[in-house]
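Here are a few notes to go with the model. Have it open while you read.

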Amino acid sequence: MYRAVAVARPLQRTLVRRVSTSFNSHGGGGSMLEGYTPPTTSPANDMIAQLAAKHLDRLSLKDLIRFGRPPLTAQSLLTSARITREYLPVRLSRRIRALRNLPYIIVSNPNISKIYNNYIESLTAILAFPANSLTNLTEESKFTELLTEIVKTHSNTIPVLAKGFLECRGYTTPEEATKFLDHHLRARIGTRLMAEQHIGLHLASVPQPPTIDVPGESYIGTVDTELRPAEIIDSCASFVGDICELRYGARPKLTIDGNPDIMFPYIPVHLEYIITELLKNAFRATIEANTPVPITVTIAAAPGPPDAGGITIRIRDQGGGIAPEDFCHIWSYSFSTFNGSRSSIGSGNSGHLDDLCDVGTDGGDDVMSRFTESAGALETSSIAGLGYGLPMSRAYAEYFGGSLKVQSAYGWGTDVYLRLKGVGLDGL
């Protein structure tokens with residue numbers, strides 16, 4: 001059975017947007033928390049080195065749901081805050097160390113220097129919040145507000161770094177840039193999730209005013225235990241289609257088959273970003289190939305319970321496939337950036353809607369900015385056009401043990417296979 005995609009409103013459940021409106025703004029450039037004294041000095045170099053050298057386990061979906069369904073008890077919420085307070089400085093210190101290890105001429109770039117200073121300021125603020133002070137919910141609320149400020153500060157990290165590396169392309173190789181950005185992004189996923197997970201648990205466990213958007217009952221922090229992939233595909237397809245109509249005056253047809261009714265525990269904002277990037281590729285390829293064949297998205301569950309076995313999503317288009325000379329570059333962050341061209345990478349003859357960024361490259365109210373904000377993308381629109389969609393999508397897919405694979409038949413079309421692992425929900 002094929003199911004036609006319905007026009008859907010954008011999903012309004014991504015914690016990235018929720019975080020930005022979770023607490024009252026105090027104005028100015030810093031955090032002005034009641035009873036909290038902002039630090040006046042940065043951490044010493046030896047302290048950063050000691051923190052960065054500490055052992056750090058990889059964050060897993062099981063870690064995220066360890067405390068069970070909200071509302072949490074006061075003790076569980078305080079434990080979550082203490083764990084975040086303990087390990088977030090380690091993660092921030094490792095990012096600082098990685099940036100310090102770059103050549104000086106790259107670190108001194110204004111964009112990369114800005115990110116470096118953001119990490120220093122965030123680490124300083126966390127360390128100034130005494131670890132032994134998290135003994136009651138008032139202190140936990142202050143700490144959560146500090147986390148919210150930090151998340152907002154780092155919301156633009158990857159686009160700013162990308163711009164910095166673009167400006168420094170004469171001082172590094174594409175391979176070195178790709179390696180650094182890939183490692184930085186994967187490390188950043190865990191750092192951001194750790195902060196956002198506690199924020200989400202706090203919002204669902206402590207009474208909030210009516211103006212605050214509280215996660216739904218199916219959420220455990222950032223994890224939706226009843227996520228329906230078909231709904232996200234519908235929503236992303238609707239908005240990518242709107243952009244296609246704006247750019248080309250047409251939108252491809254899309255059908256969903258397999259098991260469209262399946263529910264799956266996962267992080268919606270990650271899936272939204274990946275699906276948006278993959279559909280951008282498939283839609284443009286289909287339009288430029290002028291083929292009436294619909295894009296087909298197949299959802300299949302692995303054997304066993306879907307919450308533990310995982311799912312596979314295949315996106316198939318008949319948009320002409322990927323040129324052989326381009327295929328080996330599709331996972332490179334720097335393929336289009338460092339070659340100084342708009343070379344196509346991804347599905348089909350061109351593969352991206354990136355040229356929509358030409359509408360406004362100053363990061364203002366351009367078409368792509370509105371598109372990515374509505375679709376719930378993890379990064380802002382200024383990263384579009386740099387050829388980062390596929391490698392970033394693979395990084396998000398692989399973080400929790402999934403995968404993203406591309407098979408192309410040049411002259412015919414492309415199949416993209418997204419495999420995501422779930423997490424057992426027994427006992428929750």
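Is Asn290 buried or exposed? Points below, starting with that one.

1. Asn290 counts as exposed, because its relative accessibility is 69% (exposed is over 50%, buried under 20%, partly exposed in between, with a 1.4 Å probe and protein chains only). Phi of Asn290 is near 55°, a positive value in a residue other than glycine. Asn290 sits in the loop between α11 (268-289) and β6.

2. Before going on: this is a predicted model, where local features need pLDDT of at least 70 and side-chain atom pairs count only at pLDDT 80 or more, while totals for chains, interfaces and linings use all residues. Residues are numbered from 1 along each chain as its sequence is written, and side-chain values use heavy atoms, leaving out hydrogens and water.

3. Helices (H or I, at least four residues) and strands (E, at least two) are DSSP runs, numbered from the N terminus. Take strand β7 (residues 311-317): 5 of its 7 residues are buried. β7 runs antiparallel to β6 (residues 295-301), with 6 bridges, and pairs with β9 (residues 413-420) in the antiparallel sense over 7 bridges (pairing needs at least two DSSP bridges between the strands). Look at Arg316 of β7: Thr296 is its bridge partner, and Asp415 in β9 stands opposite Arg316.

4. In helix α2 (residues 45-52), the buried residues are Ile48, Leu51 and Ala52. They fall within an arc of 95° seen down the axis, so they line one face of the helix (the arc is that of the directions from the helix axis to the C-beta atoms). Their cover includes α4 (74-100) and α6 (110-127), with contact meaning heavy atoms within 4.5 Å.

5. The Pro70 to Pro71 peptide bond is cis, omega near 0°. Pro71 lies in the loop between α3 (61-64) and α4.
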